[in-house]
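Let's take a friendly walk through a protein model, step by step. Keep the picture beside you as you read.

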Amino acid sequence: MMLKPAMYQIISKKDSYYKFVVAVAKRAREISDEIDENKIICEEKPVKMAVDEFAKGKCRADFSQF
């Protein structure tokens, strides 16, 4: 299953796909932990939620830390 929007629509060509994927995975883990702590039932997967946050600009990948 492909996630929408695609990575190339979120990050620029000069940025690394690998670094973006790592940033999304870290944010997805944070979301998963928040869901577990608050005992929330979600219909969406944490990865999808993280990708949506990056696409909407709520989260930004710090490519300088890699």
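Which residues does E53 touch, not counting residues up to four places away in sequence? Before we get to that, a word on the model: it is predicted, so local features need pLDDT of at least 70 and side-chain atom pairs count only at pLDDT 80 or more, while totals for chains, interfaces and linings use all residues. Residues are numbered from 1 along each chain as its sequence is written, and side-chain values use heavy atoms, with hydrogens and water left out.

Now back to E53. Its partners are R27, I31, K58 and C59, where contact means heavy atoms within 4.5 Å. E53 sits in helix α3; helices here are DSSP runs (H or I, at least four residues), as strands are (E, at least two), and they are numbered from the N terminus. With a relative accessibility of 16%, E53 counts as buried. Buried means under 20% relative accessible area, exposed means over 50%, and partly exposed is in between (1.4 Å probe, protein chains only).

Let's turn to helix α2. Its 22 residues should span 32 Å at 1.5 Å a residue, and its end C-alpha atoms are 31 Å apart, which agrees. The expected span is 1.5 Å times one less than the number of residues. At the start of α2, look for S16: one of its side-chain oxygens comes to within 3.2 Å of the backbone nitrogen of Y18. Among the buried residues of α2 are V22, R27 and S32, and the buried residues of this helix pack against α1 and α3.

What comes after α2? The helix is followed by K39, whose phi is positive, near 50°. Most residues other than glycine have a negative phi. K39 lies in the loop between α2 (17–38) and α3 (46–56), and its relative accessible area of 71% makes K39 exposed.

Next, look inside. In soluble globular proteins, nonpolar side chains tend to be buried together. The largest nonpolar core in this model has 12 residues in all, including I11, A50, V51 and A61. Such a core is a set of buried Ala, Val, Leu, Ile, Met, Phe, Trp, Tyr and Cys residues joined through side-chain atoms within 4.5 Å. The elements giving two or more residues to this core are α2 and α3, and α2 gives the most, with 6 residues.

The structure holds 1 aromatic pair. The ring centres of F20 and F54 are 5.5 Å apart and their planes are at 75°, so the pair is edge-to-face. Rings of Phe, Tyr and Trp (its six-membered ring) pair if their centres lie within 6.5 Å; planes under 30 degrees apart count as stacked, over 60 as edge-to-face and the rest as tilted. Because F20 lies in α2 and F54 in α3, the pair ties together parts that are 34 residues apart in sequence. F20 and F54 are both buried.

Finally, consider the cysteines. C42 is partly exposed at 34% relative accessibility, whereas C59 is buried at 18%. How many disulfides does a search of the whole structure find? The search finds 0, where a disulfide is a pair of cysteine sulfur atoms within 2.5 Å.

Definitions and conventions:
Polar contact = N/O pair within 3.5 Å; in protein donor to acceptor, adjacent residues only side chain to side chain.
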